[in-house]
Amino acid sequence: MNTIEFLTISSAMVPDREALVCGEQSITYAEMAARVNRLANAMQGLGVERGTAVAAMATNSPEYVETYYACAKLGATFVPLNYRAKHEELDHMVNASDTRVLFVGERYLGLVDELRDKFGAVREYVCLDAKPEGMHSYEGLLAGASDDEVYVEIDDNDPTILIYTSGTTALPKGVVLTYNTLSVYVTNTMNPADPAVERDVTMLSVPLYHVAGATAMMSSIWGGRTLAILPQFDAAAWLETVERHGVTHAFVVPTMLKRIMDHENFDKSDLSSLQLITYGAAPMPYEVVSKAVDAFDCGLMNAYGQTESTSTLTFLGPDDHDIPKEEGPERELMLRRLRSVGRAMDDIEIAIMNEANEALGAGEEGEICVAGSRIMREYHKQADETAAAIVDGWLHTGDVGYLDDDGYLFITGRKKDLIIRGGENISTGEIEDVLEAHLKVGEAAVIGASDVEWGEVVKAIIVPAGDDQPTLEELVEHTKSQLASYKAPSYIAIVDELPRNPMGKVLKTELRKQYGEPKNG
C-alpha cells in the first residue's frame, strides 16, 4: 500500500475537516490533496521520479508534511535531515542518499550555502518559506503547477522514507523504511478516517526527522485527524496549542513532559481536551512519570521502539498507569511495572537473546531482539551493518533488558554501554535508576572508567536535585543497599546538566570524553 492512500482516503471521507494547522495556517483535507497534487506535478518537472531521493532541512510545517506526501505520490524516497547535525554528518547524509532535490527552510539557508559545494548530487533547491535568489520557492512551484492526479506504480518494498540515526558514535546510518513497513504500522495502530467519528487532534511537537514525528504525520492523516504542528517544541506553545485547538493526542519525550509540568502556565491551562499522552524515545525518569500520573487527567502511554523497527515495539498502556491509592501487593506490582516499557504490540515478537543468539527465559538479562513485518529493510548502502543488525529475521536492537513472567519488558541499558568489571557485565540503566531514587539526585548517568585492577569501574555523573550535593560515600551506601556491591560507583562527577540529543537521549559519548578519567570530577 502506498502511503499516499492515507491522504487519498481521508480527503474523500472528510474533505472539509482541517488536516493541518500551524499558527494561523489552516488547511483542509481537500485543500491538502490539491496542494500535494500540484507539488507532485511541479516535482516531476524538476526530474523527480520513482526512486529519486528528495531531502528536507527545516523545522516542522504544513509544507514539510505536504512534501512527504508529494514524494509518496511520485514513489520518491523522502530524506528528512536533522538540522542539528554536524556539517560532516549533513554532508554524509545528503551525498550517501544521492539526494537530487533539497527542500530547505529559510532559517537554514546560510547553513546550506556553507555546504552547497559539497552537495554534489543535488540538482534543485526549493525554499519552503521564502524566495531567495538561486532557488525555487515552494508557493511558486504550486502556483505554476496543475492539480491533476499523478499515478506512479510502486512496490511495497520500495523505500518511502530514509531516516538517518543520530550518529553519536559514528557517521549516521540511513534506515530504509518501506511503504509496507509504514503501512503495516499505521493501519495496525489506528482506524481510517470516518466522518461519523468526532474530530480528534494530534499534536506534532517532535521533529519530522525522527521516526516518532514521521509516524505521527502518517497516522494523523490516515485517521482523518487534525495535525496541530509546532515548528519546534516549546512548553508554553505546547500548552497554548492544546487549549487553542483542543488537542486530544500528543507524543512527548521525557524532557518535554518535565518542562511542560514545570512551566508556570501548567496549572492555568485548560488541558481538558487531552485523551492520551504518549511518551518515549528516551528513558523516562520514574519520578517524572509518577508526577505525570497525578498531574494529567488523561491516559498516559509509554511507547518503546526504534527507527529500525518502524517506531513502537512495546507499550505500557493507560490501565498500567492507573495506580491504586491503597497500599498493598497490587499497588506494589503496578509501581514496579511503571518502570517497564510494557508488553509487545500484537504484530511484534520479542525475545531476549544471549551472545550465541539463543533465547533466554523470563527474568534473564540479554539483548532485546524483535521480529515482525515492519522491521527496516536495511541500512542504506551498508550491507555489513545490516547483516549484523538483522540475524535470521531478528532485529538486534542493541538494548539490554529482560522480560518478566507476565511479558513486561524492562530495559537495563545499551549493549555498547555495558561496563565490564573484572569479567562481570554491568548494565548502567539499573544503577542510574537506583541513583535517581536518592533524595539528593535529580538525574544520573553512569559510564565506565578505566581501572588497573578491574579493567573498568563505575563512574556516576550526577545532576543534584537541589543545593545540597550528594557525596560519593552517600551514593555508594545507597547503591549497595539495593544492588550488588560491585555495581556501586567508584567515582562521581557533579554537573549542572547532562548533554542530550534533540530527542532527550543522554549523550554517553560526550560524557566519556569529558568525565571518563578514573577520578572524581
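1. Over the face of which residue does Arg116 lie? The ring is that of Tyr125, and Arg116 is 4.0 Å from its centre. The model is a predicted one. A second case of this kind involves Lys173, which lies over the face of Tyr379 at 5.1 Å from the ring centre.

2. Beyond its neighbours within four places in sequence, Tyr69 is in contact with residues including Thr3, Ile4, Met32, Val36, Met217 and Ile221.

3. In one of them, Tyr83 and Tyr209 are edge-to-face, because their ring centres are 5.4 Å apart and their planes stand at 85 degrees. Tyr83 is in the loop between β4 (77-80) and α4 (87-96), and Tyr209 is in the loop between β10 (201-204) and α8 (211-222), so the pair ties together parts 126 residues apart in sequence. Tyr83 is buried, at 9% relative accessible area, and Tyr209 is buried as well, at 8%.

4. Phe103 and Tyr138 also pair edge-to-face, with 6.4 Å from centre to centre and 70 degrees between the planes. Phe103 belongs to strand β5 (residues 99-104) and Tyr138 to helix α6 (residues 138-143), so this pair ties together parts 35 residues apart in sequence. Both residues, Phe103 and Tyr138, are buried.

Methods. Residues are numbered from 1 along each chain as its sequence is written. This is a predicted model: local features need pLDDT of at least 70, side-chain atom pairs count only at pLDDT 80 or more; totals for chains, interfaces and linings use all residues. Side-chain values use heavy atoms; hydrogens and water are left out. Contact means heavy atoms within 4.5 Å. Rings of Phe, Tyr and Trp (its six-membered ring) pair if their centres lie within 6.5 Å; planes under 30 degrees apart count as stacked, over 60 as edge-to-face and the rest as tilted. Helices (H or I, at least four residues) and strands (E, at least two) are DSSP runs, numbered from the N terminus. Buried means under 20% relative accessible area, exposed over 50%, partly exposed in between (1.4 Å probe, protein chains only). A charge sits over a ring if NZ of Lys or CZ of Arg is within 6 Å of the ring centre and within 35 degrees of the ring normal.
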